[in-house]
Amino acid sequence: MAVATITIRQLLQRITDGEIRIPAFQREFVWEPDRVQFLMDSIFKGYPIGTVLFWRTKEKLSYDRDLGPFTLPEPKKEYPIDYVLDGQQRLTSIFSTFQIELKQNPETKVKWVDIYFDLSAAASAQDSQFVALEPTDVKAHHVPMRILFDVSEFGKFTRTIKDEAQLKAIDQLQALFKEAVIPVETVETEEHSKIAIIFERINRGGVPLDTYQLLSAWTWSGDFDLRTKFEELANELDEAGFSDLRDDPDLLLKCCASVVRNDASAHAIVDLKGSEVRDSFAVLRNGILGAIEFLRRDCGVASLKILPYKSMIIPLARCFATDKAAGFHPNAQQRAALRRWFWHSCFSRRYSNSVDNAIAQDIAATLQLLAGNASEFEKRTITIGAEYFIDNVFALTSVNTKVFILLLAQAKPKSFLSAADVDLDEVLVSCNRTEFHHIFPKNHLATKEGVKDRNTQFMLANFAFLSQRDNRSIQDKAPSEYITMMPPASLDHILDSSLIPKGGLTLPYKDFVRQRAELLANTANAFFS
C-alpha cells in the first residue's frame with residue numbers, strides 16, 4: 001500500500017458524493033472541540049497529522065455510521081467505495097469544519113462547535129491560533145473556517161474587512177488550506193478476515209475491534225439486524241436467568257460461528273458471510289435455547305451467574321442446533337455423555353486455560369456425539385479427592401465455589417430448620433451470598449474450637465445452602481446445639497439433602513470437614529462412574 005495524498009477540497013467532494021463512508025464497526029465521533037482546533041492548527045503550521053487508512057471494496061455495507069453530525073448521502077456512482085478504517089476522528093473533524101452542503105442530522109447526539117481562525121492571536125509554534133466557538137462568542141477578529149471553500153461567503157466576509165494586513169492573512173489562510181493535502185493509504189480486498197485483522201492492529205493502542213458491530217454490518221439487510229435478533233433472543237432467555245448473554249456479544253458470535261462453521265475461532269467469526277448468518281439464525285436460536293434448557297434441567301445451572309465457564313455454552317449450542325421447530329432432544333446415551341462432559345469440564349477446570357483449544361476439541365467431540373459416537377466424552381475421567389473441598393475456600397466469584405454449589409444443588413437441599421425444599425431457581429438465579437452459610441459458624445470456631453484462620457473457617461466443606469432466616473436463628477450456636485432445633489423426623493433427610501454425613505454435626509470441626517469432604521468427593525466421582 002503506497003501512501004497517496006488527497007486535498008481537503010477533494011476530500012469534501014468525495015464525502016459529499018457518498019464515496020467515502022464510515023462502517024458500522026467504527027466507534028462514534030468523540031473528539032472534543034479543543035482537539036479539532038488543534039488539528040486545524042497542525043494543518044496550518046504543516047505539522048504531521050497522521051495517515052488516513054481506507055478500505056476499498058465492491059461490497060456494499062448496508063449499515064453505515066453517520067459521519068459526526070451528518071448523515072451521508074447514498075453514493076452517486078457505483079462501488080467500489082472507500083470505508084474509513086483509521087483516521088475517522090480526523091476526517092470527520094476536517095469535513096465538519098469546512099463542509100457547506102449537508103445539514104446536520106437533527107437527531108444526532110454529536111455536538112459540533114464551529115472552528116474559527118483568530119486574527120488577533122499571535123503566531124506561536126505551541127499555542128493554537130484556532131478556536132472553537134459558539135455563535136454568541138464570535139467576534140469581528142474571528143474568521144469562520146467554513147467560508148474558505150465557499151466562494152460566495154468568502155467574498156462577503158472579506159468585503160467587511162478594512163485592515164489590509166488582516167485581508168492578507170485571510171487570503172493566505174485560504175490559500176494554505178486549499179493547497180493542504182491529507183496523506184492516505186488504501187487497502188483493496190474483499191476478505192473480511194484481513195480487514196478485521198488490520199482494524200484490530202491499528203486500534204490495539206486505542207479502542208479494540210468490535211467484532212460484534214463488524215459482523216452486524218456484514219449481516220445487515222432490510223429485514224435482518226443481528227443486534228436486534230440477539231436482543232430478541234436475550235428477551236426469550238430472560239425468564240430462564242440467562243438474559244445476561246446480551247451483555248456478552250463475543251460469546252454469542254462464537255456460538256454463531258460454531259453453528260454455522262463448526263468453528264468458533266476469531267478467524268471463523270470474521271469470515272462469516274451475511275447470508276450464512278441470516279439463513280442459519282433460526283438454527284442458532286434453537287441451539288442456544290436448547291443449550292440453556294440442558295444446563296438448567298440436567299445440570300442445575302439456573303442462571304449465567306452460577307455457570308462456572310460461560311464458554312461451555314458454545315459447544316452445547318452446536319450440539320442442540322437444529323432447524324426442527326421442536327428442537328433437538330438427545331437420546332439417553334447422548335444426554336449421559338453431555339452430563340459427564342459438563343462435570344468433567346467443571347472439576348478439571350478445562351476452560352481455565354487454552355480456552356480456544358478446549359472449545360475446538362469439544363465442538364469436534366460434539367459432532368461425533370451427534371453421529372452416534374460418544375467415546376470422546378466417555379473416555380474423559382477425573383478423580384476428585386477430599387482435598388478439593390478442604391483446600392478451596394468459599395467465594396462466589398470463584399469457579400471452584402460455583403462447581404461446589406452446583407454439586408450441592410444436585411442433592412435437592414432442604415431447609416435446616418423447616419425441612420422445606422430450598423427454592424433453587426430463586427437462590428441460583430440471584431446467586432446471593434446470603435443464601436450460603438457456614439455449617440460450623442465462624443464465631444463458634446474462633447471462640448470454642450480455637451480455629452481462627454480464615455481459610456480454615458471458609459473451606460468449601462464447611463458451607464451449605466442455608467437461608468438468611470435460618471442463619472439468624474442458628475446464629476453462633478454449635479452444630480451439636482442447633483441440631484436440636486431441626487425437626488427430628490426429617491433430620492436424616494435434611495442431612496442427606498445437604499450432603500452432610502450422619503452424625504457429622506456432633507463431631508469436632510476437624511473430623512467433620514474430613515468426613516464431609518470425603519462424602520462430597522464420592523458424590524462428585526459418581527458422575528464419572
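Predicted model: local features only at pLDDT ≥ 70, side-chain atom pairs only at ≥ 80, totals over all residues.
Helix α9 passes helix α12 in a right-handed crossing.

**Helix α9 against helix α12**

Helix α9 covers residues 249-261, and helix α12 covers residues 313-320. Their axes lie 8 Å apart. The packing angle is about 40°. That angle makes α9 oblique to α12, because angles over 145 degrees count as roughly antiparallel, under 35 as roughly parallel, and 65 to 115 as roughly perpendicular. On the α9 side, the contact uses L251, K254, C255, S258 and V259. On the α12 side, I313, I314, A317 and R318 meet them. By class, the residues of this contact between α9 and α12 divide into six nonpolar, one polar and two charged.

The C-alpha atoms of C255 and A526 are separated by 30 Å. Along the chain, these two residues are 271 residues apart.

**Helix α13 against helix α14**

Two packed helices are described by the angle between their axes and the distance between the axes. For helix α13 (residues 332-347) and helix α14 (residues 355-370), the axes come within 11 Å. They cross at roughly 165°. That makes α13 roughly antiparallel to α14, because the cut-off for this class is over 145 degrees. The crossing of α13 past α14 is right-handed.

Which residues of α13 meet α14? They are Q334, A337, L338, W341 and S345. Their partners in α14 are D362, L369 and L370. Five nonpolar, two polar and one charged residues make up the contact of α13 with α14.

The model holds an open sheet of six strands with mixed pairing. The strand order is β1-β9-β3-β5-β2-β4. Strands β1 (4-7) and β4 (64-65) are the edge strands, and each pairs on one side only. How many bridges join β1 to β9? There are four, and the two strands run antiparallel. Strand β9 spans residues 181-188. I6 stands opposite I182 in β9.

**Residues outside the helices and strands**

Two loop residues have a positive phi without being glycine. R349 has a phi of about 55° and is not a glycine. Its loop lies between α13 and α14, the helix pair described above. Q475 also has a positive phi of about 55°, again in a residue that is not a glycine. The loop holding Q475 runs between α21 (468-474) and α22 (479-482). A526 sits in the segment after α24 (509-525).

Accessibility for these residues is listed here.

| Residue | Relative accessible area | Class |
|---|---|---|
| R349 | 35% | partly exposed |
| Q475 | 52% | exposed |
| A526 | 46% | partly exposed |

Is Q475 buried or exposed? Q475 is exposed, because its relative accessible area is 52% and the class begins over 50%. R349 counts as partly exposed because its value of 35% falls between the limits of 20% and 50%. A526, at 46%, is partly exposed too.

Conventions
Residues numbered from 1 in each chain as written. Heavy atoms only, no water. Axes fitted to C-alpha atoms, helices over the stretch in contact; angles between N-to-C directions. Left-handed = near helix turned anticlockwise from the far one by under 90°. Contact = heavy atoms within 4.5 Å. Nonpolar A, V, L, I, M, F, W, Y, C, P; charged D, E, K, R; others polar. Pairing = 2+ DSSP bridges. Buried < 20%, exposed > 50% of the residue type's maximum accessible area, 1.4 Å probe, protein only.
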